[in-house]
Amino acid sequence: MTLRYSTDIVIFGGGVAGLWLLNRLHSEGYQPLLIETKALGSGQTLASQGIIHGGLKYALSGSLTGAANVIAGMPRRWRHCLTGDGDVDLQGVPVLSNYYYMWSDGNLRSRLKTFFGSKSLVGRVEGVKRDDYPDFF
Ligand SMILES: Cc1cc2nc3c(=O)[nH]c(=O)nc-3n(C[C@H](O)[C@H](O)[C@H](O)COP(=O)(O)OP(=O)(O)OC[C@H]3O[C@@H](n4cnc5c(N)ncnc54)[C@H](O)[C@@H]3O)c2cc1C
């Protein structure tokens with residue numbers, strides 16, 4: 001049996017990128033078709049730890065890489081979604097922490113990475129006072 005579809009745009013892959021794009025295109029009036037070989041969200045998306053980061057991970061060398069700059073606006077974007085003001089309404093999603101904590105394990109290399117990473121992202125990273133450490137620490 002041959003199935004025939006008429007569509008403006010075909011998206012391959014139903015991970016977060018494909019689903020986000022599908023939603024965006026729908027809201028702009030297009031009729032996109034998404035094709036997924038396995039199950040929606042079955043790729044890296046299912047493996048994600050759910051951390052919304054703004055680039056620190058990609059700035060640990062001490063210099064701001066292109067990737068670190070590109071994702072700098074992500075926390076703001078996701079926060080808008082979590083309050084229902086963004087591209088996707090995520091008001092029902094439980095938030096486990098409002099901050100992304102990073103710490104060194106004490107060895108020199110790890111401490112230097114944390115130090116240079118935080119220097120390269122001045123304004124986006126703050127030190128945490130001992131009294132404000134989360135219970136975990
Ligand atoms: C262990 C782990 C932890 C992570 N933690 C975080 C985190 O905390 N925070 C964060 O921001 N990012 C995290 N990431 C990264 C994040 O999960 C990915 O950047 C993101 O999920 C990628 O989404 P994607 O839609 O591009 O790809 P995927 O989620 O991999 O989706 C691709 C989809 O395409 C489908 N597909 C492949 N080929 C075809 C084809 N030919 N036709 C049709 N479908 C096809 C696959 O089946 C899959 O479902 C993590 C990644 C991993 C692996």
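# A walk through a predicted protein chain

A compact globule of 137 residues would have a radius of gyration near 14 Å, whereas the protein chain has 19 Å. That radius is taken over C-alpha atoms, and the globule rule is 2.2 Å times the number of residues to the power 0.38. This is a predicted model, in which local features need pLDDT of at least 70, side-chain atom pairs count only at pLDDT 80 or more, and totals for chains, interfaces and linings use all residues. Residues are numbered from 1 along each chain as its sequence is written. Along its principal axes, the C-alpha trace of the protein chain spans about 65 × 30 × 25 Å.

The domain assignment divides the protein chain into domain 1 (1–48) and domain 2 (50–137). Such bounds come from an automatic or database domain assignment. The centres of domain 1 and domain 2, taken over C-alpha atoms, are 29 Å apart.

The protein chain contains 5 helices and 2 strands. Helices (H or I, at least four residues) and strands (E, at least two) are DSSP runs, numbered from the N terminus. Read from the N terminus, the order of elements is β-α-β-α-α-α-α. The helix α1 can be checked for length: at 1.5 Å a residue, its 12 residues should span 16 Å, and its end C-alpha atoms are 16 Å apart, which agrees. The expected span of a helix is 1.5 Å times one less than its number of residues. After α1 comes G29, whose phi is positive, near 95°.

Burial is counted with C-beta atoms placed from the backbone: a residue is buried if 20 or more other C-beta atoms lie within 10 Å of its own, exposed if 12 or fewer, and partly exposed in between. Buried residues make up 7% of the 137 residues in the protein chain. Contacts use a separate rule, under which two residues are in contact if their C-beta atoms, placed from the backbone, lie within 7 Å. Among contacts between residues at least 6 apart in sequence, 43% join residues at least 24 apart.

Next comes the ligand. Of the 20 residues around the ligand, the nearest are G13, G15, G43, T45 and I51. A residue is near a molecule or strand if its C-beta atom, placed from the backbone, lies within 6 Å of it. Both α1 (16–27) and α2 (44–47) supply at least two residues each to the shell around the ligand. By class, this shell has 6 nonpolar, 12 polar and 2 charged residues. Here Ala, Val, Leu, Ile, Met, Phe, Trp, Tyr, Cys and Pro count as nonpolar, Asp, Glu, Lys and Arg as charged, and the others, Gly among them, as polar.

One of those nearest residues, I51, sits in the loop between α2 and α3 (66–70). I51 counts as exposed because it has 10 C-beta neighbours inside 10 Å. Although I51 and Y99 are 48 residues apart in sequence, their C-alpha atoms are 9.3 Å apart in space. The loop between α2 and α3 also holds G50. G50 is exposed, with 8 other C-beta atoms within 10 Å. From G50 to L96 the separation is 46 residues in sequence and 9.6 Å in space, C-alpha to C-alpha. H53 lies in the loop between α2 and α3 too, but H53 is partly exposed, with 15 other C-beta atoms within 10 Å. The C-alpha atoms of H53 and V16, which are 37 residues apart along the chain, are separated by 16 Å.

Further along, G86 is in the loop between α4 (74–82) and α5 (108–120). G86 is partly exposed because 14 other C-beta atoms lie within 10 Å. Leaving out residues up to four places away in sequence, G86 touches R77, H80 and C81. The C-alpha atoms of G86 and R76, 10 residues apart along the chain, are separated by 9.5 Å.
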